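Have the structure open while you read.

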Amino acid sequence: MIQADSLLAVLREAARREPERPRDLLQPEVLLGSALRIAGAVVVAMVLWWALRMVVRRIEKSLGQPQPGALTVSEQRTRTLVGLLRSMGRVIIFVIFLFMLMSAIGLDLGPLLAGAGVVGLAISFGAQSLVKDVISGLFILIENQFAVGDVVRIEGVSGSVETMTLRVVALRDVHGVVHIVPNGQITKVSNLTRTWSRVVLDVAVAYKEDTDRVAVVMREVGAELWDDEEWKPLLVEAPEVPGVESFDSSSVTIRMTAKTLPLKQWDVARELRRRLKRRFEAEGIEVPSSHSKLVWEGTEPPQPPPAAAGVLGDGGRAAPPAAHPHTSHSGLVDDESA
C-alpha cells in the first residue's frame, strides 16, 4: 500500500513539472510528466470525438432514413446542419488536441497564438475569396435559403443539393453530373422545391379548333387526374386551365397549371401530357405540326434528264412533259417533296 501511494505521489509530482524548454524533455521526471499530459490530451480528444459521433448519430436516428422528395423543410435544414456540425466538430477537436499537445511538450502558446493571429490576418488578405465563401455559407444556413435535398438553380446550373459546407455547395443535375459551386459566387438562388411546386403546360392547338371546347377537354383531363387515387396524393390543388395564353403564326396556346408537392411537378407534368395526347386523339383535336414547302416563282422548274436513246428513237416521239414537282395529277400538294 505504501509503494502504491509513493508511485501516485511521484506521478503527481511529474505531472506538475512542466518543461521550461523542449530540450528539458530529456530529463526523466519531465519526460514522464509530458507523457502523462500527452496521454491526457489523447483521452480528451477521444472523449470529444466519441461525444460528437453520439450527438450526430442520435440526431440522424431521430430523422430516420432519408427519403428524397418526401422531406419537410425542417428535416432538410436539420440534415444540412448535421453535416456542418460534423465537419466543424472535427476541426475544433483537432485544434484543441494540437494546442494541448504543444503545451505538453513545453511550447509557450502565448507568442504562438499572437503570431498565428498575425499570419492569419496576412492570409486573410490573400485569401479574400475563401473568407467570402465562408461568410456567404453562414448566411445561407442562417437564412435557410435552401437545404440538402432541395432542387435549386444556381449560376445557371440546376440540380439537387447533395452536400453543403461553409465553402461550397454540391449540385447533381438530371444527367448525374456533380457541380461544385463556391458560396462566394452565389448571387442568386432559385429554389424549385420550397413548400410546393407548380406544373405549367402550354399546349398548342390548330387555329381551326374551338378554344372553348379544347379548354373543356383539358379541364376534364385535370379532373380525372385529381380523382385518381394514385395521383391525388401528389397534388395540392386540382389542375386548372386559365385559358388562351398566346398566339403565333400556326397555333393557339392554351395554358394548364397544377400545384403539386415539392419534387413531384415533373412526374405530374409527364402524366398530364400523356393523358392530354390520348384525349386529343380521341376527340380529334389537331395539334399543328410544321411542314416545309419549296415553291419556284418566276423561274422555270428544273428539266428532267433526257430519256434513253431507245425511247426517243421510237417514232421520234419525245417523252411527255414532266408535271410540276410540287403538284400531283390530282392537284393536291405533295408535302414529301420538300
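Strand β1 (residues 151–154) and strand β2 (residues 157–164) run antiparallel and are joined by four bridges. Strands here are DSSP E runs of at least two residues, helices are H or I runs of at least four, both numbered from the N terminus, and two strands pair if DSSP finds at least two bridges between them. Keep in mind that this is a predicted model, where local features need pLDDT of at least 70, side-chain atom pairs count only at pLDDT 80 or more, and totals for chains, interfaces and linings use all residues. Residues are numbered from 1 along each chain as its sequence is written, and side-chain values use heavy atoms, with hydrogens and water left out.

**The five-stranded sheet**

- The open, antiparallel sheet has five strands, ordered β4-β3-β2-β1-β5.
- β4 (178–182) and β5 (189–191) are the edges with a single partner strand each, so one side of each has no neighbour in the sheet.
- On average, neighbouring strands of this sheet are turned by 40° against each other, direction ignored (axes are lines fitted to C-alpha atoms, for helices over the stretch in contact, and angles run from 0 to 180 degrees between N-to-C directions).

**L166 in its loop**

- L166 belongs to the loop between β2 and β3 (168–172).
- With a relative accessible area of 16%, L166 is buried (under 20%; exposed is over 50%, partly exposed in between, with a 1.4 Å probe and protein chains only).
- Leaving aside residues up to four places away in sequence, L166 touches L84, M88, D133, V134, G137, L138, L141 and N183 (contact means heavy atoms within 4.5 Å).
- S136 is 30 residues from L166 along the chain, yet their C-alpha atoms are separated by 7.6 Å.

- Nine bridges tie β6 to the antiparallel strand β8 (residues 252–260), and V203 has I254 as its bridge partner in β8.
- Helix α6 (residues 211–227) packs against helix α7 (residues 265–283) at an angle of about 130°, with axes 10 Å apart.
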